[in-house]
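This briefing is meant for a reader who is meeting the structure for the first time.

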Amino acid sequence: MISTDTRTAILDRADIVTVVSEAGVKLKPAGRGFVACCPFHNEKTASFHVSPERGRWHCFGACGEGGNVIDFVMRHRTIGFADACKYLCERFGIAYDEEPETDAERENRLRREAIYGINERAAQFYRSLLHGDSPSAKAALSVAHQRWGKEHTEESGLGFAPGNGQELVQWARSHGENLTLMLEAGLIGRNENTGQLYDFYRDRLMIPIREGLGQHVVGFTARDLTGESKAKYVNSKESD
């Protein structure tokens, strides 16, 4: 397992502008950052933004992808997290350290990573709903743009949880997601009387919460869109 110190050093010292440029992306200065045509899909208008201050990149075009320098290397080179870290350590002269782990630690790590994956895929699903054609989605997107602006809405990966209470459950079943872990993560709930599963978040803008290194979605903050809820914001419950 890659040490936290190694991951922190990579994000501190691996210059994202250098990495993106060396990948063949022709960056042009724009304000406090850089823009280019996205390397991950065909486009004629530059929608790919790089922020050296934040150490992050984001496509405001068709693919909508984004992340930090490690995410870019993983995406561009089609490699895993560990190999991307090794590449960046070699490129920027960073010591690559791994921490030994016990069987119990490995089991806990794999469980956390499974929940990270579910949260990430749920965030992408919520984002797709926010950009849907339904009147409720358009109204939610309008609220997001008015409150946070179009750029931040896109870059932060904001999403939308509709009010019918079954969108996420149906998506999860159709994609073979682990419903037990989704219950544990607080994404869905179960009716105690009927046993029916339901979406925990309804009629809310979904704001992904990422851990300190920005690598994983650990939960959500959800803002009420109805004006009727006593809780304007609801956070994910505690989990692994």
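In this predicted model, the axes of helices H3 and H4 cross at roughly 110 degrees and come within 9 Å. Because angles of 65 to 115 degrees count as roughly perpendicular, H3 and H4 are described as roughly perpendicular to each other. On the H3 side the contact is made by Val69, Ile70, Val73, Met74 and Arg77, and on the H4 side by Phe81, Ala84, Cys85, Tyr87 and Leu88.

**Helix H3 and its surroundings**

- Helix H3 spans residues 69-77, and its buried residues are Val69, Ile70, Asp71, Phe72 and Val73.
- These buried residues of H3 pack against helices H1 (4-13), H2 (16-22) and H4 (81-92), and also against strands S3 (48-51), S4 (56-59) and S5 (66-68).
- At the start of H3, the backbone nitrogen of Ile70 has a side-chain oxygen of Asn68 within 3.0 Å.
- Just after H3 comes Thr78, with a positive phi of about 55 degrees, and this residue is placed in the loop between H3 and H4.
- With a relative accessible area of 70%, Thr78 counts as exposed.

**The open sheet**

- Four strands form an open sheet with antiparallel pairing, and their order is S6-S9-S10-S11.
- Strands S6 and S11 (233-235) stand at the edges with a single partner strand each, so one side of each is left without a neighbour in the sheet.
- On average, and with direction ignored, neighbouring strands of this sheet are turned by 35 degrees against each other.
- S6 and S9 run antiparallel and are joined by three bridges, and Phe160 has Leu205 in S9 as its bridge partner.
- S9 and S10 also run antiparallel, with seven bridges between them, and here Leu205 stands opposite Arg223 in S10.
- Five of the seven residues of S9 are buried, so this strand is largely enclosed by the rest of the structure.

**Helices against the sheet**

- Helix H5 lies across S6, S9 and S10, and runs at about 35 degrees to S10.
- Helix H6 packs on the sheet as well, where it touches S6, S9, S10 and S11, and its direction makes about 55 degrees with that of S9.
- Lys138 is placed in helix H6, and once its neighbours within four places in sequence are left aside, Lys138 is in contact with Gly132 and Asp133.
- Between Lys138 and Ala62 there are 76 residues of separation in sequence and 18 Å in space, taken from C-alpha to C-alpha.

**Nonpolar cores**

- The largest nonpolar core holds 33 residues, and those that touch the most other members are Tyr126, Leu168, Met182, Leu187, Tyr201 and Phe220.
- At least two residues of this core are supplied by each of helices H5 (103-130), H6 (135-148), H8 (167-174) and H9 (179-185), and likewise by each of strands S6 (159-161), S9 (204-210) and S10 (217-224).
- H5 gives the largest share of this core, with eight residues.

**A positive phi in another loop**

- Asp203 has a positive phi of about 55 degrees although it is not a glycine, and for Thr78, likewise a residue other than glycine, phi is near 55 degrees.
- The place of Asp203 is in the loop between strand S8 (197-199) and S9.
- Asp203 is partly exposed, with a relative accessible area of 29%, whereas Thr78 is exposed.

Terms used:
Residues are numbered from 1 along each chain as its sequence is written. This is a predicted model: local features need pLDDT of at least 70, side-chain atom pairs count only at pLDDT 80 or more; totals for chains, interfaces and linings use all residues. Side-chain values use heavy atoms; hydrogens and water are left out. A nonpolar core is a set of buried Ala, Val, Leu, Ile, Met, Phe, Trp, Tyr and Cys residues joined through side-chain atoms within 4.5 Å. Buried means under 20% relative accessible area, exposed over 50%, partly exposed in between (1.4 Å probe, protein chains only). Two strands pair if DSSP finds at least two bridges between them. Contact means heavy atoms within 4.5 Å. A polar contact is a pair of N or O atoms within 3.5 Å; within protein, one must be able to donate a hydrogen and the other to accept it, and residues adjacent in sequence count only if both atoms are side-chain atoms. Axes are lines fitted to C-alpha atoms, for helices over the stretch in contact, and angles run from 0 to 180 degrees between N-to-C directions. Angles under 35 degrees count as roughly parallel, over 145 as roughly antiparallel, 65 to 115 as roughly perpendicular and the rest as oblique.
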